2 protein chains.
Amino acid sequence: MRSKGAFRTGIARDSNLTEASVSRILNELRKENIVEEKRQQTSNAGAPTGFVTLSKDIAILGIELSNSRLSFGVGDLKGTLDYVERMPASPQLSQQDFEHLFAEGTANIREWIGARGIALRQAAMSVPGYGREGGNPIYPWDIRRLALLLGEALPGVPLTFTNSVIAQAAFHRYSYPAGYDISGDHLFLFAGHGVAGVIVNDAAPVDAFSAFEIGHMVIERDGLPCRCGHKGCLEAYTSLRAISPIIGLSDADILTRGDHFMEALSVDPTARKALRERQFLLGLALGNALNLHSVPKVVISGWPSLMPEADRVAIADGLNQSLLGGYSPERLELAFIEPLIGNDPKAALHYAAYCFVRGGALDEKSGQHAALEEIA
Amino acid sequence: MRSKGAFRTGIARDSNLTEASVSRILNELRKENIVEEKRQQTSNAGAPTGFVTLSKDIAILGIELSNSRLSFGVGDLKGTLDYVERMPASPQLSQQDFEHLFAEGTANIREWIGARGIALRQAAMSVPGYGREGGNPIYPWDIRRLALLLGEALPGVPLTFTNSVIAQAAFHRYSYPAGYDISGDHLFLFAGHGVAGVIVNDAAPVDAFSAFEIGHMVIERDGLPCRCGHKGCLEAYTSLRAISPIIGLSDADILTRGDHFMEALSVDPTARKALRERQFLLGLALGNALNLHSVPKVVISGWPSLMPEADRVAIADGLNQSLLGGYSPERLELAFIEPLIGNDPKAALHYAAYCFVRGGALDEKSGQHAALEEIA
DNA sequence: GCAGGATAATTACACTGTGTAAATATGTGG
DNA sequence: CCACATATTTACACAGTGTAATTATCCTGC
């Protein structure tokens with residue numbers, strides 16, 4: 001799932017099939033107009049080899065609920081957005097008002113694709129906190145009803161839901177050219193409007209991932225109140241909303257400025273000290289989380305990525321207080337990547353592409369499925 | 001993996017194969033002397049059906065490092081122990097002294113099985129904290145060297161290592177008749193000499209489980225010192241060693257008395273209050289853990305299972321302070337099972353049985369493999 | 001321009017393991 | 001002893017794989 005395509009040799013190697021099997025499978029997929037292939041000369045002598053990409057002619061829909069807004073985007077399997085609409089959506093909306101907003105958005109899409117003769121093949125929606133059987137205390141809406149509404153506006157388009165941090169992790173990991181180059185199992189930690197993580201496992205399909213609600217780990221008994229109703233949650237200390245009073249910007253300002261919001265400031269020493277303390281708590285919670293699910297690498301996407309590297313040492317200090325065996329750079333690799341604040345619904349569109357590839361009647365064990373996953 | 005065998009119809013159903021395929025596969029396994037089959041009349045008319053069990057003639061070895069002792073046991077695939085030896089093993093032993101102890105134990109086994117003409121087919125060893133790439137701060141020995149020592153004493157016997165809590169979870173879950181009857185994904189939490197958990201996932205093989213080092217989650221900043229070197233770990237509050245001063249028994253006494261250790265006491269109100277506070281902290285950590293890996297059920301095996309049910313409410317109180325969405329019996333099922341204190345090395349023997357079944361050249365995707373797993 | 005060599009893709013063939021359904025086996029009751 | 005019910009086995013067809021031979025497609029040198 002790399003969005004940039006693959007050579008036949010690589011597909012064969014990574015899917016554990018022979019070139020012969022890959023050849024048969026690609027013939028099928030070409031007939032179904034799912035992949036495209038361009039032969040390229042890659043050696044001085046010999047026949048050109050095929051470079052296989054996903055078809056550009058497949059339109060998909062990404063819907064994202066984040067940053068207190070509901071975003072819709074139509075694009076292709078590579079993640080190129082051709083249509084975007086973002087609508088304010090407060091968590092305080094009633095179920096009915098929220099559904100009305102959603103229906104309005106899908107009606108606008110129907111109009112846009114109707115004018116262009118575009119047929120949507122897949123939709124995906126990411127929601128913070130989605131997937132927990134215990135319910136979602138932050139967005140209490142019945143999200144599954146949206147499938148009915150989408151079915152009315154866009155009949156026949158399959159819709160898949162996922163947790164926002166899973167879509168974010170998949171997007172940051174696999175999109176081209178932005179994807180980060182960290183292989184192997186790792187924890188992807190996102191500190192934005194919400195704080196959450198996900199274990200990224202190269203051997204598992206993305207839809208087998210589950211979100212780590214690390215933001216609601218209680219790291220300070222009777223601490224700051226959190227929007228989830230408890231006290232002392234990590235998110236109460238480390239979300240963008242939690243640090244906006246420290247740096248003197250509203251979270252709407254932060255959303256407008258995007259990744260550059262920290263540059264525009266002159267953060268005074270007192271604020272920097274407070275931010276370091278928040279990063280220490282992030283490290284403490286991270287260590288606790290890694291005790292439960294040990295991985296050798298952590299990728300952090302959020303405001304700590306925008307902080308000076310000297311301040312990030314506080315995360316290591318916090319890790320040292322909780323991680324079993326202690327922290328050292330040899331044992332645990334910490335990477336920081338740009339959060340790309342305000343890019344919704346790109347992550348959901350990316351997840352829709354993934355779902356399209358994963359979808360249909362392909363037997364998960366089959367060679368065809370394995371080969372297609374290597375192309376994606 | 002139920003240790004008690006299965007009917008052909010059940011094997012076919014659970015492994016998603018037809019009776020025809022199961023019939024072919026069982027023929028192969030009978031030829032290899034891995035399974036036995038006894039036909040039983042189960043209906044008023046009609047042919048008798050086959051009840052398939054694992055062969056009793058296969059001898060395996062379980063080695064367990066727990067309760068400050070090194071235990072060896074030889075038995076069969078059903079878990080019946082025929083030989084047991086337990087040797088004191090302090091964590092302060094040097095690598096050399098520990099290896100010497102291990103060699104002594106394996107020499108005794110070689111002598112015992114030699115006198116009886118028994119050929120061991122599989123060995124497994126469970127070690128607290130095993131499997132973490134960051135090393136084991138509690139047992140700092142190089143455990144993998146034991147494979148060399150076993151290879152010298154018992155050539156040709158494959159040895160598999162696992163974390164103690166994984167072996168405990170598999171043992172409590174699948175052994176017969178003791179196995180607990182909770183289906184679906186759940187968290188198995190063991191509070192004994194150490195405190196740890198494991199997510200039990202019926203769809204995944206046991207050796208894909210990984211231990212939850214929930215015992216080393218820091219739940220009290222600058223709290224009680226833990227044997228791992230940090231302060232405020234859950235284990236510092238809730239291991240048997242941590243509560244032994246509260247109830248006025250040494251942990252050696254606890255080990256001797258087994259599951260009955262709480263009955264023999266008259267725990268005064270002050271001690272009961274202190275134990276409830278410890279259970280509250282267990283609940284708080286449990287909630288944090290379930291935020292990261294959400295499951296609908298938790299099975300607790302340890303001293304809280306031996307406490308009065310009224311006192312266990314403290315666990316729910318702690319859960320309510322941390323679990324996202326709060327705790328209610330509808331959302332999260334808590335079950336308590338007897339810990340079977342002091343039964344080492346039964347859990348490791350059970351894991352050895354599992355490894356034998358899992359072992360050999362069976363393709364994981366194959367029907368034969370699936371069928372065998374249903375028998376085990 | 002063509003032949004030789006190198007490399008890639010295709011395809012004939014054999015093999016494996018499955019499901020289906022027919023054939024066979026094994027019991028009970030009248 | 002036979003009819004009926006149930007279980008097991010097995011012949012057959014099918015699907016998808018790897019192997020290796022065949023075919024295709026390029027570049028270089030003559």
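In chain A of this predicted model, A:Pro345 is found in the loop between strand E13 (333-337) and helix H11 of chain A, where helices (H or I, at least four residues) and strands (E, at least two) are DSSP runs numbered from the N terminus. The peptide bond that leads from A:Asp344 into A:Pro345 is cis, with omega near 10°. In chain B, B:Asp344 and B:Pro345 are likewise joined by a cis peptide bond, for which omega is about 10°, and B:Pro345 is placed in the loop between strand E13 (333-337) and helix H11 (346-358) of chain B. Most residues other than glycine have a negative phi, and most peptide bonds are trans. A backbone feature of another kind is seen at A:Asn67, which has a positive phi of about 55° although it is not a glycine; A:Asn67 is located in the loop between strand E4 (59-66) and E5 of chain A.

Residues are numbered from 1 along each chain as its sequence is written, while chains are lettered from A and ligands numbered from 1 in the order in which they are written. Because the model is predicted, local features need pLDDT of at least 70 and side-chain atom pairs count only at pLDDT 80 or more, whereas totals for chains, interfaces and linings use all residues, and side-chain values use heavy atoms, with hydrogens and water left out.

Since A:Asp344 lies in the loop between E13 and H11 of chain A and A:Arg69 in strand E5 (residues 69-76) of chain A, the pair ties together parts that are 275 residues apart in sequence. Over all chains, the structure holds 24 salt bridges.

Chain A is divided into domain 1 (59-167 + 344-356) and domain 2 (180-337), with bounds that come from an automatic or database domain assignment. The centres of the two domains of chain A, taken over C-alpha atoms, are separated by 26 Å, and 12 residues of domain 1 are in contact (heavy atoms within 4.5 Å) with 17 residues of domain 2. The area buried between these domains, that is, the accessible area (1.4 Å probe) that two parts lose on being put together, summed over both, is about 1,200 Å², of which carbon and sulfur atoms give 65%. A:Ile138, A:Val165 and A:Ile166 supply 44% of the area that domain 1 of chain A buries against domain 2, more than any other three residues. Across this interface of domain 1 and domain 2 of chain A the rule finds zero salt bridges and zero residue pairs in polar contact (both at pLDDT 80 or more), a polar contact being a pair of N or O atoms within 3.5 Å in which, within protein, one must be able to donate a hydrogen and the other to accept it, and for which residues adjacent in sequence count only if both atoms are side-chain atoms. Helix H5 (164-174) and helix H11 (346-358) of chain A are the elements that give two or more residues to the side of domain 1 that touches domain 2.

Chain B can be laid on chain A with an RMSD of 0.1 Å by a turn of 180° and a shift of 0.0 Å along the axis, the copies being superposed by least squares on the C-alpha atoms of residues with pLDDT of at least 70 in both. The two copies are thus related as by a two-fold rotation axis, and in chain B the C-alpha nearest the axis is that of B:Ile219, 3.4 Å from it.

Between the chains, 35 residues of chain B are in contact with 35 residues of chain A, and the buried area is about 3,200 Å², to which carbon and sulfur atoms contribute 55%. In chain B, B:Arg132, B:Leu292 and B:Leu324 lose the most area to chain A, together 25% of what that side buries. The rule finds two salt bridges across the interface of chain B and chain A, and the side chains of A:Arg221 and B:Glu220 meet in a salt bridge (3.4 Å, N to O).

How values were computed
A salt bridge is a side-chain nitrogen of Lys or Arg within 4 Å of a carboxyl oxygen of Asp or Glu.
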